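Visitor: Please show me the model, and then I will ask about its parts.

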Amino acid sequence: MTIGWHFDNTYSKLPDTFKENIKPTPVNEPEIVILNNDLAEKLNLDFSKVDSKNLAQIFSGNSLPDGANTIAQAYAGHQFGHFTMLGDGRAVLLGEHLVNKNSRFDIQFKGSGKTSFSRRGDGRAVLGPMLREYLISEAIYALGIPTTRSLAVVKTGEEVVREQLMQGAILTRVASSHIRVGTFQYIAAKQNIKDLQLLIDYTIDRHFPEIQSSKSKTLDLLNLVMDKQCQLVVDWMRVGFIHGVMNTDNMAISGETIDYGPCAFMDQYDPQTVFSSIDQFGRYSFENQPRITKWNLARFAECIVNLIDKDEDKAIKIATETINNFEKIYEKKWLNMMRNKLGLFGENKDDKKLILELLNWMKDKKADYTNTFCYLMKISDIKDQIYKDESFKKWQKLWYKRLDLNKVSEEKYLKLMRSTNPLIIPRNHNVEEALKAASKNDFQLFNELLEVLKTPYKSKENISKFLEPAPVSKEKYQTFCGT
Ligand code: AMP
Ligand code: MG
């Protein structure tokens, strides 16, 4: 019995520069930890006729499905600003699974063993971080934000050496594609114009077929990628998500959130929040995310600039102007997103001031980002005393005045707010607690959290424990890359 894979592998047919043909390294005693049945259904896969032993063989890479053609993809990346040639050092792509003619997904194993891109790494992944990726990527999906998804996690039955011995694991990642800004950087660095043109055409065919016959394909591609990534970062800012490692190899051309390493959600509003232990200078802090997106897009533009126009000066001028549009596009999207968070219809010249005043108040009072909007939406579970603060009440009066200009019913603006502001995010303390228990084979908390995160905008019974900010602690929450 098979689970219904339908592979059609276009990436593995690209020239050798793009990849290495390699099989996953078999593992000792694979065991299914979690399967994503909702996602399986969307992919037209059926796990029900295969027993869990065989599923473990499949999702560990011990038994490769018919039609798979496993490769490690080559890419480069600016890591914290420094350029490096990278590639899948601990992942293999099985191929592209076709759900139907127009719907194609990369299926990738993360933690599947060494490749020629592994450098000094062991090619393996650890259970905790893979479960964390599973949980948070599924949460981001349910929040309506473009993202790679997680189909399965298996334990390998092998130990992995980190600061201490850890349980090895493999995550099955599903993505529109794994083409990154860093993929373009790798191919551009090889200085073979034919390969670069091939990558541009491949990316357009796969993600942006609407510009296939455009006369200014390369420039159109730049604009479309910019639009997608701009929208993505606005979505992150909407829900308080901090990606944590926005290196150019971790920015997907499709505009999906990818690479859930040190990411986490902000609780108390502080624009300078950084969780990642290795981000010492706050390069990837909450407030820097738009700026870094632009920086990454500029690196993308550099790769393809020569194909924008034959006249080099003209091409550079066009690319520069395009990238410099980022702030304008971002500001507009961000302002509209914040208006939605506050239930504001139409545009008023003082909207930005109103929004910034609230954010400043939140920062001063260390208010919880998610819960402040919940309070404004009249979610009765939010009972924090800080909303009795005089300066907050003063701001609220201005907000009510602005709401009057909406000329829509309370019901209507609350509806807009409720579709924009999540009630439930994967709060750091909930995530940690769930992962701790899961590492000891107790999945009750993990499953409970996973379930409640599936409908983050919905008010339900018994959710108050997921609305509570972390208990105040002297220690700052820190995340790790989880390699
Ligand atoms: P990341 O920090 O996950 O974005 O990874 C950056 C680079 O390091 C990529 O090329 C990864 O494939 C590689 N890498 C991360 N962890 C490992 C590992 N355990 N073994 C080999 N390569 C790794
Ligand atoms: Mg990465």
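Visitor: Which residues in α5 do T183, F184, I187 and A188 in α4 meet?

Guide: This is a predicted model, where local features need pLDDT of at least 70, side-chain atom pairs count only at pLDDT 80 or more, and totals for chains, interfaces and linings use all residues. Residues are numbered from 1 along each chain as its sequence is written. Contact means heavy atoms within 4.5 Å. By that rule, the α5 partners are D195, L196, L199, I200 and T203.

Visitor: Is α4 roughly parallel or roughly antiparallel to α5?

Guide: Helices are DSSP runs (H or I, at least four residues), numbered from the N terminus. Axes are lines fitted to C-alpha atoms over the stretch in contact, with angles from 0 to 180 degrees between N-to-C directions. The axes of α4 (residues 181–189) and α5 (residues 193–207) come within 9 Å and cross at roughly 160°. Angles over 145 degrees count as roughly antiparallel and those under 35 as roughly parallel, so α4 is, relative to α5, roughly antiparallel.

Visitor: How far is a backbone N or O atom of G87 from an oxygen atom of ligand 1?

Guide: A polar contact is a pair of N or O atoms within 3.5 Å. A polar side-chain atom of D259 lies 3.3 Å from a ligand 1 oxygen. For the backbone atom of G87, the distance to an oxygen of ligand 1 is 2.6 Å.

Methods
Chains lettered and ligands numbered in written order. Heavy atoms only, no water. Polar contact = N/O pair within 3.5 Å; in protein donor to acceptor, adjacent residues only side chain to side chain. Helix = DSSP H or I, 4+ residues; strand = E, 2+ residues; numbered from the N terminus. Parallel < 35°, antiparallel > 145°, perpendicular 65-115°, else oblique.
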